[in-house]
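Visitor: I am new to protein structures, and I would like a guided tour of this one. Could you show it to me?

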Amino acid sequence: MARYRGRGIASINYPIGMNLGGDPSQALVHSNPSGKFTVSLSSIDLGQGMKSVTRQICAETLGVPVEDVYVDTADSDTGPHCMGSFASRGTHRVGNAVMAAAKEARGVMMEAAAEELEVNAADLEPDGRGNIHVKGAPHRSISTKDVAIAAQFKQGKTISGRGIFLVPLSAVDPETGEMSPATCYAHACMVAEVEVDDETGEVAMVRMDSAYELGRALNPRLVEQQLVGGAWMGISHTLFETTEPYYPDPSHGPRDFVEYLMPGPGDVCPHDIAVLERPAADGPFGAKGPGEMCANPVLPAVANAIFNAVGVRIDDLPITPEKVLRAIKAQGGARAQARR
Amino acid sequence: MLELRKDIFADERDDNLKEIGKGTQRQDMLGHVTGASTYFNDHKLQGMLHLKVLRSPHAHARIRRIDTAEAERSPGVRRIIRGADVPHNLNTLLSLINFGKDDEPTLAVDKVRYKGEPVIAVVADSPREAFEALAKVRIDYEPLPAVFDVEEALKAGAPVVNETYPKNTFTYYDVYDHQKLRFGDVERGFASADHVLEQRYQMSPIEHAPTETNGSIAAPDTNGRYVVYTSTQALFFSVDTCAKILDVPSNTFHFIGGTVGGGFGGKVDTLTEPLAILGAMLTGRPVRYIFEREEEMQYGPPRGAERIYLKDGVMRDGRIVARKVRAYFDSGAYTRLSSYAAVKCAAHLPGPYTIPNVYGDIYCVFTNRTPATAMRGFGVTAMDFAIECQMDKLAHLVGMDPMEFRILNAYRDGDMKAHRREAKNTALIECVQVAAEKAKWPLREEFKRMSSLKGGGGTRAAVPPTARDQPVPVRPAAQQRTTYDRAPQAAGPQPPHPPTPPPVAPAPAPQPAAHGAIRFSSVFGSRRR
């Protein structure tokens with residue numbers, strides 16, 4: 001009896017946003033008298049970092065520091081309509097809506113600053129640190145706070161903006177399936193290394209190496225959290241999880257986390273990730289979305305690694321020790337494939 | 001460990017931005033790490049009542065009689081809610097975008113169609129008193145034969161799961177029991193291939209397993225409104241679904257979401273809000289309805305099972321010349337979102353590869369199990385598992401390195417995809433090359449030099465002659481008024497597409513805009529190319 005190592009790969013792509021489009025999101029941006037900005041959304045932050053990504057998009061577009069922007073989410077009275085946080089649409093759809101709203105607000109802010117500095121708005125630029133100055137003449141400057149006060153109490157202007165982003169709904173040809181499902185796609189390739197025990201059928205993850213192309217990575221730390229967590233979910237889908245262990249027989253369904261198995265910290269392996277950024281033409285600053293697709297390549301990469309290790313193909317998920325052991329026995333023992 | 005490969009596609013980006021591209025700390029980090037972030041269940045309202053539901057013990061049964069007399073007298077009970085108390089007790093989630101027919105009650109009335117389907121709700125002073133009252137409800141069931149296997153469900157004589165769809169399949173475009181994808185001639189492709197490989201893949205249902213289970217708290221507000229604290233992933237989806245089910249204007253509700261303790265697709269279905277609000281309407285008190293862990297695991301919707309048959313034709317040199325797919329999405333007893341996932345799945349075929357002949361039939365099938373819903377990678381995860389396992393087998397079959405095999409077949413800028421749109425902004429080849437580099441997986445020099453930017457288009461940009469199936473007579477589309485469907489209909493029913501000529505082989509290459517496709521909805525704008 002022995003443990004066998006093997007490597008497997010998978011490469012995938014994934015559409016960004018609700019299939020066929022037709023899924024709008026809106027955003028409102030406004031300034032308070034201190035020159036601090038609020039983004040109002042009905043969109044939901046699920047922990048993935050929607051608030052943080054839209055905050056960075058808003059700050060970059062306005063030309064103010066990120067600390068000067070606060071994102072308020074998830075209120076149907078104050079936030080305008082958003083289709084929801086699903087379909088990898090947060091960064092792409094909501095991000096674009098926030099960008100559009102911030103552009104409109106920036107236009108008013110620059111007009112108000114121009115009036116105070118007695119110059120043409122086109123000659124002004126923000127420095128990203130809370131000031132607006134004449135291009136090439138940093139000393140002719142005004143703080144965003146002073147602009148906000150002047151706009152509201154002197155000029156009677158509202159530094160605010162509305163934004164919406166909509167990919168128009170695509171038709172589907174019932175006969176051929178011709179359609180426009182998405183405007184951009186993320187990509188990934190995963191190499192998984194496993195160790196298979198031919199006595200118990202257990203599969204242990206050894207390591208993962210991956211490359212993900214996600215359009216612009218707006219916040220690399222948030223991208224990393226998604227990719228690391230998503231891969232963990234992929235491992236769990238591959239080797240552990242199901243609500244119906246004898247599907248399609250529905251019996252013996254697990255009822256809690258004692259019966260519903262998932263990997264623990266000891267089952268997680270090193271994961272070395274490369275991120276490629278090919279900007280999407282219609283993404284906010286070129287961003288696509290890493291949310292959903294990061295789990296997908298793990299499942300087949302692990303299955304292919306198991307074949308490489310012991311020569312059995314398990315085509316039914318999840319790949320439990322029982323299935324691996326039965327397959328090894330049926331084949332008359334482990335058959336290691338060419339080492340990769 | 002994460003490495004940004006700024007050297008790749010560098011000329012397509014401006015990397016000199018001030019805030020974009022920075023690893024700025026999350027806005028809500030402090031609240032999360034100190035435990036101060038507020039979840040829906042942190043709202044403890046004065047006089048709050050608790051709602052629990054009685055679930056069906058049968059996978060399929062007729063309800064003969066419901067007796068709640070003893071439960072009504074149970075201590076602490078404020079209200080028993082039956083299906084008849086729900087103003088609009090039939091809905092389908094995607095009616096909001098005019099896709100599919102209403103097929104699911106909030107509380108079952110005549111029949112239960114899966115084990116765990118809600119039949120009766122009790123609102124009581126405490127969760128314990130609600131449970132005690134539920135135990136006193138008497139329901140007389142007549143068990144019916146049930147069907148659990150997607151292919152069994154399609155056979156003649158199989159039990160009818162959901163009378164809205166008597167053939168146990170979702171109806172596409174009012175005529176088809178599946179979503180089609182047709183591109184080129186797969187049979188000719190198989191005939192010309194050196195090897196043909198057909199395989200079956202199966203994914204079982206998977207639980208989203210959020211730390212926080214589904215739930216909501218609804219409370220009467222001033223001026224006839226209701227405030228609703230909820231764990232939803234889609235605030236307005238939930239607002240508008242509740243407005244439809246409870247038959248009130250959507251601005252009756254002030255929905256407040258916020259921090260969500262894990263979603264992954266499992267909090268899109270508006271599972272608790274309608275009953276929580278109805279409870280608040282009927283009692284005048286705040287009502288909390290949150291799933292127990294067992295409810296979340298077994299009766300909250302899972303990622304649905306999928307069964308996939310994949311048949312590929314491949315040449316000795318590694319080129320895939322045909323791919324045929326038949327897939328069954330197990331929707332459970334009701335539609336929820338599986339119908340939409342099947343369309344997304346068809347669009348995803350044949351994976352990120354350029355294959356000249358592709359054929360897909362994707363079925364959304366009803367069985368007597370918990371309805372499935374969206375989950376991370378919706379419509380694609382299981383198909384990617386099937387396709388990528390198949391790719392490994394094909395590479396093995398022709399004796400090619402699996403990395404090089406993928407690079408050889410990868411789609412590139414300018415290629416025609418099977419859903420008949422040009423591939424743009426592709427990057428699969430680069431991902432394979434970088435992953436190989438990271439894993440120290442040797443690639444031959446010619447494969448290291450290949451690029452998504454080169455070698456695509458040309459003959460690869462053509463839509464091949466495609467034979468069409470025998471057309472089915474089109475019935476006028478039944479229109480249903482829905483929350484988002486406020487625009488007047490153009491002229492009665494949706495325009496049926498023109499009759500399709502009978503198949504001729506080879507058929508003339510269709511002009512890109514020549515067909516008369518019908519739209520899912522009349523409200524979301526026009527056809528997009």
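Here are some questions and answers about what is shown.

Guide: This is a predicted model, in which local features need pLDDT of at least 70 and side-chain atom pairs count only at pLDDT 80 or more, while totals for chains, interfaces and linings use all residues. Residues are numbered from 1 along each chain as its sequence is written, and chains are lettered from A and ligands numbered from 1 in the order in which they are written.

Visitor: How many helices and strands are there in chain A?

Guide: Here we use DSSP runs, numbered from the N terminus: helices are H or I with at least four residues, and strands are E with at least two. By that rule, chain A has six helices and twelve strands.

Visitor: What percentage of the residues in chain A are buried?

Guide: A residue is buried if 20 or more other C-beta atoms lie within 10 Å of its own, exposed if 12 or fewer, and partly exposed in between, with C-beta atoms placed from the backbone. Among the 340 residues of chain A, the buried share is 62%.

Visitor: Is A:Gly130 buried or exposed, or something in between?

Guide: Look in the loop between strand 5 (124-126) and strand 6 (131-134) of chain A, where A:Gly130 is found. A:Gly130 has 16 C-beta neighbours inside 10 Å, so it counts as partly exposed.

Visitor: Which residues is A:Gly130 in contact with, leaving aside its neighbours within four places in sequence?

Guide: Two residues are in contact if their C-beta atoms, placed from the backbone, lie within 7 Å. One of the partners is A:Ser143, which is 13 residues from A:Gly130 in sequence and 5.8 Å away in space, C-alpha to C-alpha.

Visitor: Which element of chain A gives the most to the side that touches chain B?

Guide: The contact takes 110 residues from chain A and 118 residues from chain B. Elements giving two or more residues to the chain A side include helix 1 (50-62), helix 4 (220-239) and strand 1 (3-15) of chain A. The one that gives the most, with seven residues, is strand 1 of chain A.

Visitor: How is helix 6 of chain B placed against helix 7 of chain B?

Guide: The axes of helix 6 (residues 235-246) and helix 7 (residues 273-283) of chain B come within 9 Å and cross at roughly 55 degrees. Angles under 35 degrees count as roughly parallel, over 145 as roughly antiparallel, 65 to 115 as roughly perpendicular and the rest as oblique. Therefore helix 6 of chain B is, relative to helix 7 of chain B, oblique.

How values were computed: Axes are lines fitted to C-alpha atoms, for helices over the stretch in contact, and angles run from 0 to 180 degrees between N-to-C directions.
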